[in-house]
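Reader: I'm new to this one. Could you walk me through how to read a few of its features?

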Amino acid sequence: MKKYLRFISITMMLLIIINLSNFSSLARPITFNDMDITLAKVVEVISGEAIKVIEEDSNSNKTVKLIKMIGIDTDSSTEAMEYTYNRLLGKRVMLLPDSKDSTFDKLEGWSYKYVYLLSSKSLSEELLEQGLANLDDSYNQAEQYSDLDKAMLKAKEEKKGIWENYNNKNATIGVNINTATYTDLVDVLEDTTSSMAYSIVNYRKYNPFNSVEEIKFCNTAFTKEWFDKNRNKMSVISNISTASFEELKSLFNDTELGDKMAKNIVEYRLYNLINSLYEVRRIPGMYHNYSKVEEFIALKPVNDYVEKEIKVVNLNTASIKQIRRTCFFSVNRADQIVKERNNQKYIIKSLGELEKKGYISRYEINRYSDNFSLLTNINTAKEYELESLFGFIDIKEETRDNIVKRIVDNRPYTAKNEVKSIMTSAYYDKLKPYIYAVDSEIPEYININITDRYNAVELFNMNDKEAEKYLKNRIRYTFSKNINFDYANYVSDFSLFTNLNTASRYELENIYGRVWKDSKYQYVRIPKEIIDDIISFREDQPFCSLDEVSEIFSKHKQKTIYNNIKDYLVFY
């Protein structure tokens, strides 16, 4: 049948050139009754695979018909609909039936056809080649099924459209981890136990997941292997225009309601293009349930969730009262943190560091991590966080509030010293270690516990007296109060624990391990290959356990170095 299509295309082109203005003159002269080809004009695009046409028969009788393209499923994709809309709307097309039509599962009122637009390829084949549709197995008896299958395989090989991140046939997103029920989580996510599902729900009670990668911090059961299996089945914000039925269902945290609303949304999307979130309220049943899903939906792909109203304090500067009001810590807990950073003049570099020291438990980090900052971006911080910068300074509230307002009003800044004129030099000199405006101002630390000490002396440019004091005692420091040299001048430059998820390459390059070499103990720098692997790993997903780090060192046969430094590594 396809051998006739090139001839038909050429004939159609000539006829359209002869008379573009008269629709009936196009249909009447061409009679391919033996092939059952009909001509029609597309008057509406309903979805990527469904159109409404005006069809004209050999007697010039015009009929409005609903056409479903044979062989494909676009899953209500906005991209597929846009493609079909741009290709077909208002244009004249050829409609070709399939001799195996009786084998198709049909919806009442619809005609099932191949749709051609002056081309030897049907729109079904075009959409499959562009990766905008999936082959529907229910059409496996169709005449052109093998051609359509080849088109889909081509898109897979070229990783186009829906196949861009294709791993397996179940790789599409299936559940929103910020809203799904225990049952949804267990049913959709592979190798997920009830205990793991409960830990997801308990984690998000206090702070929603900002990204799917954050799930690794819920429970030690969420290993790299588990995450790799399920990463493409999870979301934290659902694209209401394209999300699968299962993901839409998971938004409502109620199995019965979710099932009902998912059906309503999918049906609405079949006939309507959603142009705004406000329009989502028009979907049947959504008006009274919209508030349940509002903060977890979008109209385009979104990888990260940002909570709209959240109080953040800078733990390095906030007062005990500010910390308690934000995180509901006990007076003793807040006092411990404040004493560590104030009395010892130590700048806290990582939440994991506080966990190692016993000031905050892992549970509390999970619960309050979104409420803490350790370094404040003056270009993006909200007023509450900016107020917390002055928590350790003796300043009147009225003066502080006025400075904060002026900081916000004069954004953006290209360098942090631009706020000096706003807050005066006296305040700026106290706050400058805790703020930044651009990434280049983020400090690069050296972990003094796991570096070559002679290397640190040189990098810190210590004088002879300071260097002697620093080198004299070779203990490892877990608390700043144990440090036996005058470190106030260098506190902005060094750390006691290295956060492998955020450490700069500079910090990683200055990590050394003590090993036995050439008949003596020596400090050996981490090989570049290990640093590259650490950075490559965290670009893909965060470290959440020492086991993940150990594997990298073992691969490069550097387990001795790993054992020497592991106690001074953290992951928050």
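Predicted model: local features only at pLDDT ≥ 70, side-chain atom pairs only at ≥ 80, totals over all residues.

Reader: Let's start with helices. At what angle do H13 and H14 pack?

Author: Helix H13 covers residues 320-327 and helix H14 covers residues 331-342; they pack at about 130 degrees, and their axes are 9 Å apart. That angle makes H13 oblique to H14. As for handedness, H13 passes H14 in a right-handed crossing.

Reader: Which residues make the contact between H13 and H14?

Author: On the H13 side, look for Ile320, Ile323 and Arg324. H14 brings Val331, Ala334, Asp335, Val338 and Arg341. Sort the residues of this contact by class and you get 5 nonpolar, no polar and 3 charged.

Reader: Okay, let me try another pair. Are H20 and H21 roughly parallel or roughly antiparallel?

Author: Start with the angle: helix H20 (residues 453-460) packs against helix H21 (residues 464-472) at about 155 degrees, with the axes 10 Å apart. Angles over 145 degrees count as roughly antiparallel, so H20 and H21 are roughly antiparallel to each other. Their crossing is right-handed. In the contact, H20 supplies Arg453, Tyr454, Ala456 and Val457, while H21 supplies Ala467, Tyr470 and Leu471. That contact of H20 with H21 splits into 6 nonpolar residues, no polar ones and 1 charged.

Reader: And how far apart are the axes of H23 and H24?

Author: They are 10 Å apart, and the packing angle is about 145 degrees; H23 is residues 528-540 and H24 is residues 546-555. H23 passes H24 in a right-handed crossing. From H23, Ile530, Asp533, Ile534 and Phe537 take part, and they meet Glu548, Ile552, Phe553 and Lys555 of H24. By class, the contact of H23 with H24 holds 5 nonpolar, no polar and 3 charged residues.

Reader: What lines the largest cavity?

Author: The lining is Ser47, Gly48, Ser76, Ser77, Thr78, Met81, Ser241, Arg269, Asn272, Leu273 and Ile274. The lining of the largest cavity divides into 3 nonpolar, 7 polar and 1 charged.

Reader: Which residues line the second largest cavity?

Author: You'll find Ile448, Asn449, Thr451, Arg453, Arg474, Arg476 and Tyr523 there. By class, the lining of the second largest cavity has 2 nonpolar, 2 polar and 3 charged residues.

Reader: Last topic, the backbone. Is the peptide bond from Arg411 to Pro412 cis or trans?

Author: As background, most residues other than glycine have a negative phi, and most peptide bonds are trans. The bond from Arg411 to Pro412 is cis, with omega near 0 degrees. To find the spot, go to the loop between helix H18 (397-409) and helix H19 (420-431), where Pro412 is found.

Reader: And what is the phi of Lys159?

Author: Lys159 has a positive phi of about 55 degrees, although it is not a glycine. Look for Lys159 in the loop between helix H5 (145-157) and strand S8 (175-176).

Technical notes
Residues numbered from 1 in each chain as written. Heavy atoms only, no water. Axes fitted to C-alpha atoms, helices over the stretch in contact; angles between N-to-C directions. Helix = DSSP H or I, 4+ residues; strand = E, 2+ residues; numbered from the N terminus. Parallel < 35°, antiparallel > 145°, perpendicular 65-115°, else oblique. Left-handed = near helix turned anticlockwise from the far one by under 90°. Contact = heavy atoms within 4.5 Å. Nonpolar A, V, L, I, M, F, W, Y, C, P; charged D, E, K, R; others polar. 1 Å grid on protein atoms, 1.4 Å probe; cavity = no way out; pocket = protein on both sides within 12 Å on 5 of 7 lines; lining within 4 Å.
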